[in-house]
Amino acid sequence: MNHSQTLVTYVRNIAELNFLAENHNPQVKIELILGTSLLSRFFDNSEHELIELLRKARQMNFSVTLEWDVLNQEDRFLKTIQLIEKLPMHDFFAIRVQDPGAVSFIKEKYPWLKIHLILENGNHNLIGLKKWSEFLGPQLDRLVLSNELSKELLADYSKALSIPIEILTFGRILLFYSPRKLLSPVEKKAVHDQTIEAFGTSEESPHSGFPLIENLHGTFMFNVKDLYLLDQLQALNEMGIHFLRVDLRFDDSFNKFSKTILELFAGTITEPEMSLRQNNPRPLIKGFYNINKSDVLFAKLKNKRTQRLDDFYIGEIVDVERDQQLALLVKSTHWDLSQLPEVKMITPEGKEKILQFTWVKSSLGESVKSVEQNDLVLVPYVNGVTVKTQVYLNPKT
Amino acid sequence: MSHWTPELLSPAGSLEKLKVAVLYGADAVYLGGQKFGLRQASDNFTYEELAEGVEFAHSRGVLVYVVLNSFLHDKDLLELPEFLTLLVDLKIDAVIVSDLGVIETVLSLTDLVVHLSTQASCLNIESAKLWQQMGVKRIVLGREVTIQEARKIKEATRLEIEMFVHGSMCMSFSGNCVISNYTQGRDSNRGGCAHSCRFEYSLDFKNEDSMENKKAYFMSSKDLEGIRLLPEFIEAGIDSLKVEGRNKSHHYAGTISKVYSEALGHYKKHGHFLSDDMLNWESELRKVSHRDYTTGSLDVYAGVDSIYNQRVDEDNEYVVSGIVLEACVGKHLLVDVKSAFMPGDILEVMPFKTPIENLSVTFLESLSGVSLPKSKPGSVVKIPYILGAEKFNIIRKKA
């Protein structure tokens, strides 16, 4: 472990705080994320409990940030900022926010408070990241980046940005966040705003056991595998990524893993992977850290050969009567057919065919000399041509 | 006296659907090119189709907005400037964007008007103020926002406000779902959504000392239908009412555009809605393929009754039989067949502006005049002409 790196982790109660205070090596930099049920997706502390935790954490000289990561519609947002206004904001080192509304509010009302901007949804380009940095200026203290970014991109961004970067290195991967309560209608036993946990499996998905949580803020689904990048601390350090978040809020992970994590960051152990893999309730993955190819399948989602391509486009075959005729729907502008001895056709399978206009008729059987856009004309049959064949001028003629 | 009404913004998943939406009464259409949108499986528009679509819409006074609402990665952004140049040349009316990098690219290279996509999940006044500072002129609010909240956002910012009025809904906050990314290897925020929220799930609930199993389509949302709330939209001054559905059928594009256009047209003329008309419009909206309808969060935040806990994907009260390709007055209609019908069937023709007409299929022929026992999807057939039918009219049949 390089001591320029900071372990960023969540603390939910006094017992966890005491454990960290008692077990962490003073050389290891730790930053604590605190929250309360109204501001945070997964904290269930009251405002009073938050303030008590904050007071004790400050006494222990921990650096403490406040998490405000819920997304709120206007009426709920107003209630949230009423709470913010009651909190001792000067006691927090920074605030972590995702909703642009929260960003705007903090920028305007608390210009002295550092912002850790959560950009974990999207924000996969440098232009956007630079714009966020420019917009928030010196108030921006850190960018919390997406786990969909590959290591190459993380390295590039770290080099190109003057703002420190934080990423999640161990914990659940959030897949879905809805403000609607989706589990309680199925369970039918729930008390109002009580947290419900479940695991979901669909026969239509190759994966099973998606962790689910319903709480005050809605419903959340997590991946069936958890993220593990703790074997990459050295590589991340070389990239200049010094803020590494570990999320131990679920599955009793704090009790199971906090000691190991502290030892890892203190450098007293170097390879906790086996222990974590054996004891974590789900398999561990690197996600998109090595490579993100989540756009490569797009090319297969539709047949490019059935698309019109260029200025030579005439139209599309919409009907075929074998050995008799083809129906051509003219889709581009006016064509004088007497000037077009032949045209090129490309079938949905990609085969090229030539059509000679030995005759062209209307649907009434009358000879046609020229056509306009959206006209339908009958032309000679060509073997192998099917519906959706695209018709083009033959540049060779 | 003419009363103010919002813009009706319809989806155009293809050039043909654009024409259908325009002819059936949309004030504006939104569409995607081959890249940068969220519907990779949709036909979308090639440059040539885009040029033709813009010309078709503009010549009828209809605005065209182009979606660039993917969360683009750096490599995607490299290709964007060239496409923006084309959009400027075509004089499109706005781009719909969700990613700050895209907004910055658009505004630094062009003078195109930027609308913030619902994908950015703008939910409150403060958020709208931030995006306003980033240069957007219109905000498509998150579908979780009520009309009354939208009104407050509009009053506080004076931005143009657009809200969804009809169509399928994400269950997640838009832009906050990556299920497809991790389970299918397809980036849902770049157009690869695999609709995992529509699956049936077996749910194991963690109780104190046991597990309980139940099956449910717990993440699937009913479809939005906001026609009854048109007075509230109007009163709140919402600038644009958006219909979801670039992946949906010609029947959908035509019917929804026709119904909402008629309703807004009625209000524009009379300043009110009549309950009988409302019933008729609702009846028409039930004839297109849909899941059960809900008002979502338009009135109050969506609750239990907004969940579509059913296996059947969509209700099909009517199916589209075909699109009129040619109306040969007094003789025949040429119909591009979308679903099978037979001689003797009673079909319905949907004129652009006038009421639906019944059409009896007294003959059914191939283009060469051969009588057919049944029409085949993917073919063109001749059926009897009916007065008032025009090219691009939709023909449908009770399912």
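Reader: How do you know which residues and features count here?
Author: This is a predicted model, where local features need pLDDT of at least 70, side-chain atom pairs count only at pLDDT 80 or more, and totals for chains, interfaces and linings use all residues. Residues are numbered from 1 along each chain as its sequence is written, while chains are lettered from A and ligands numbered from 1 in the order in which they are written.

Reader: What makes the count of helices and strands in chain A?
Author: Helices (H or I, at least four residues) and strands (E, at least two) are DSSP runs, numbered from the N terminus. Chain A has ten helices and 22 strands.

Reader: How do you know how chain A compares with a compact globule?
Author: The radius of gyration is taken over C-alpha atoms, and the globule rule is 2.2 Å times the number of residues to the power 0.38. For 397 residues a compact globule would come near 21 Å, but chain A has 30 Å. Its C-alpha atoms fill a box of roughly 95 × 45 × 45 Å along the principal axes.

Reader: What makes the domains of chain A, and where do they lie?
Author: The bounds come from an automatic or database domain assignment. Domain 1 covers 6–173 + 225–296, domain 2 covers 174–224 and domain 3 covers 304–393. The C-alpha centres of domains 1 and 2 of chain A are 23 Å apart. Their contact takes eight residues from domain 1 and ten from domain 2. Contact means that the C-beta atoms of two residues, placed from the backbone, lie within 7 Å.

Reader: Why is strand 7 of chain A called mostly covered?
Author: A residue is buried if 20 or more other C-beta atoms lie within 10 Å of its own, exposed if 12 or fewer, and partly exposed in between, with C-beta atoms placed from the backbone. In strand 7 (residues 165–171) of chain A, seven of its seven residues are buried, so the strand is mostly covered. Across chain A, buried residues make up 45% of the 397.

Reader: How do you know which strands pair with strand 7 of chain A?
Author: Two strands pair if DSSP finds at least two bridges between them. Strand 6 (residues 140–145) of chain A runs parallel to strand 7, with two bridges. V144(A) is bridged to E166(A) there. Strand 13 (residues 243–246) of chain A is also parallel to strand 7, over four bridges; I167(A) has L244(A) as its partner. Strand 12 (residues 226–228) of chain A is antiparallel to strand 7, with two bridges. Each count reaches the cut-off, so each is a pair.

Reader: What makes strand 9 of chain A and strand 8 of chain B a pair?
Author: Strand 9 (residues 196–201) of chain A and strand 8 (residues 201–206) of chain B share four bridges in the antiparallel sense. G200(A) is bridged to L203(B).

Reader: Why is a set of residues called a nonpolar core, and which members of the largest one touch the most others?
Author: A nonpolar core is a set of buried Ala, Val, Leu, Ile, Met, Phe, Trp, Tyr and Cys residues joined through C-beta atoms within 7 Å. Of the 227 residues in the largest, V29(B) and V335(B) touch the most other members. Helix 9 (residues 250–270) of chain B gives the largest share, eight residues. Beyond four places in sequence, V335(B) contacts residues including G322(B), V380(B) and I395(B).
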